[in-house]
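I set down what I looked up and what I found.

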There are 2 protein chains.
Amino acid sequence: MTYCAATMLNAGIVFASDSRTNAGIDNVSTFKKMKVYEVPGERVIVTLCSGNLAVTQATLNHLDQVIRRNDGSPNLMNCNSMFEVAHLIGVALREIRQHDAPYLTQNNVDSSASFIVGGQIAGEQQRLFMVYSEGNFIEAMTDTPYFQIGEVKYGKPILDRVINADTSMDDATKCVLVSFDSTMRSNLSVGMPIDLLCYERDSLRVTKKRRFDERDDYMRSLRQQWSEGLRKAFSQLSTFDWHE
Amino acid sequence: MTYCAATMLNAGIVFASDSRTNAGIDNVSTFKKMKVYEVPGERVIVTLCSGNLAVTQATLNHLDQVIRRNDGSPNLMNCNSMFEVAHLIGVALREIRQHDAPYLTQNNVDSSASFIVGGQIAGEQQRLFMVYSEGNFIEAMTDTPYFQIGEVKYGKPILDRVINADTSMDDATKCVLVSFDSTMRSNLSVGMPIDLLCYERDSLRVTKKRRFDERDDYMRSLRQQWSEGLRKAFSQLSTFDWHE
């Protein structure tokens, strides 16, 4: 399994991904699920992926090949809008799945995969998309300022409570990391290290990118503070009085 | 969808169920998912159910018919152990599904259903079981002192943090209600009223049973206190310092 989340704020976009992959519970590995395409001053594109790892890797490799070929066909480094970026990912994902799915289906292997992609291209606002397994996609709007893929449920309540368009980058960063903490506590198939990238609106460059592993001091203290804060909040709830 | 949870504590068992059912998003109704079989001083059996409503209702009706027939065949009111109760529910569920599934499958309707069943029969300890859709079942042990069925993920993190065998009935009650609150915030298909039953170990009778609806004062204040407590806990988390 996987957990990735991205929040779209007025101040920028916070991206985060775990890095555990598993093919069965006895085949667990670490793969980075965040990929960055950057031309400082011109474009920042961040992809997060979930689902069949061979499919997501093949999709990204296919997109990279088109960039390297540089024959004028539209690619992630020459297109003019994030909408086109989402479209290119969707098309590549469809091609890969169309090609591979029949072989996977024969062995009951799921070929589904999905992407979160966001960032900014000069001349456009920052934008955030979720590309479904079928290759179609949706864009985050003010009403729904975040996307999640993978094991999304455990970490959703805190996002629902905290994130809105006006949330600061610092608060969104904390919130996303707490969301990962809740998910990792309840689902073994989501695991550290966590890759975090905070894109500041209109900066058109990556300045805040960080990996948090098991031994990371901030992550450990965040887990502990949150755990204590929850315990305290819980202990302060009034008890139900059966005699009332 | 549905959400039901039960926690097995040294002090007793806390049962709770929501009451929303939906066949598609435009066909939402209220059905009680908790059923109690009680002979004061002799047995208390509580069932919670999730899944296809026609299947769970038919299963419980079948079990009731055997009780009413009273022809000496084993039933929920004459059997001597909770293990046998879980077995009887599993057998009834298998029969109903075997009978109905072919008709449901024709229209791609899911016939799966599951039960949590717990309580105590004189001469035995209190016990708690989860009966799977296939009719097999497991029993709660000290290491895993709670079961959930239905929409289980949103409400799991708080149970994981709070519930262990030594948790008091009052704390478990609060925790289960908070777990329902988190679930209802993130999934529209789980809804009030919530049925709550707190069985006190060795009491062999039901003394604490209560329904909480939308307008319930305690539930409203619990939601508000929890929301404020979370916000406070969140605001007290240290911010990540990118310059460190």
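Entry 1, charged pairs within a chain. I take a salt bridge to be a side-chain nitrogen of Lys or Arg within 4 Å of a carboxyl oxygen of Asp or Glu. With that rule I looked up B:Arg223 and B:Asp181 in this predicted model, and their side chains do meet in a salt bridge, at 2.7 Å from N to O. B:Arg223 belongs to helix 5 of chain B and B:Asp181 to helix 4 of chain B, so the pair ties together parts that are 42 residues apart in sequence. I noted that B:Asp181 counts as buried at 3% relative accessibility, whereas B:Arg223, at 26%, counts as partly exposed.

I then turned to B:Lys35 and B:Asp64, whose closest N and O atoms are 2.4 Å apart in a salt bridge. This pair also links distant parts of the chain, for B:Lys35 sits in strand 5 (residues 34–39) of chain B and B:Asp64 in helix 1 (residues 53–69) of chain B, 29 residues apart. B:Lys35 is partly exposed, with a relative accessible area of 26%, while B:Asp64 counts as buried at 12% relative accessibility.

A:Asp160 counts as partly exposed, at 29% relative accessibility. I also recorded a network of salt bridges that links A:Glu124, A:Arg127 and A:Glu139. Over all chains, the count by this rule comes to 32 salt bridges.

I asked by what turn chain B can be laid on chain A. A turn of 180° with a shift of 0.0 Å along the axis does it, with an RMSD of 0.0 Å. The two copies are thus related as by a two-fold rotation axis. In chain B, the C-alpha nearest that axis belongs to B:Tyr154, at 2.5 Å from it. The same surface serves both copies, since 100% of the contact residues of chain B recur in chain A.

The contact takes 40 residues from chain B and 40 residues from chain A, and the two chains bury about 4000 Å² between them, 64% of it on carbon and sulfur atoms. On the side of chain B, the residues that lose the most area to chain A are B:Arg161, B:Phe234 and B:Trp242, together 22% of what that side buries. B:Arg161 also meets A:Asp181 in a salt bridge between side chains, at 3.5 Å from N to O. Across the interface the rule finds four salt bridges, and 16 residue pairs are in polar contact there. The largest share of the side of chain B that touches chain A, eleven residues, comes from helix 5 of chain B.

Which residues touch the most other members of the largest nonpolar core? I found A:Ile194, A:Trp226, B:Ile194 and B:Trp226, in a core of 68 residues. Leaving aside neighbours within four places in sequence, the contacts of A:Ile194 include A:Leu177, A:Phe180, A:Met184, A:Phe212 and A:Met219. Apart from this core lies another, of 24 residues, among them B:Leu76, B:Leu88, B:Leu104 and B:Val117.

Methods. Residues numbered from 1 in each chain as written. Chains lettered and ligands numbered in written order. Predicted model: local features only at pLDDT ≥ 70, side-chain atom pairs only at ≥ 80, totals over all residues. Heavy atoms only, no water. Least-squares fit on C-alpha atoms with pLDDT ≥ 70 in both. Contact = heavy atoms within 4.5 Å. Core = buried A, V, L, I, M, F, W, Y, C linked by side-chain atoms within 4.5 Å. Buried < 20%, exposed > 50% of the residue type's maximum accessible area, 1.4 Å probe, protein only. Buried area = accessible area lost by both parts, 1.4 Å probe. Polar contact = N/O pair within 3.5 Å; in protein donor to acceptor, adjacent residues only side chain to side chain. Helix = DSSP H or I, 4+ residues; strand = E, 2+ residues; numbered from the N terminus.
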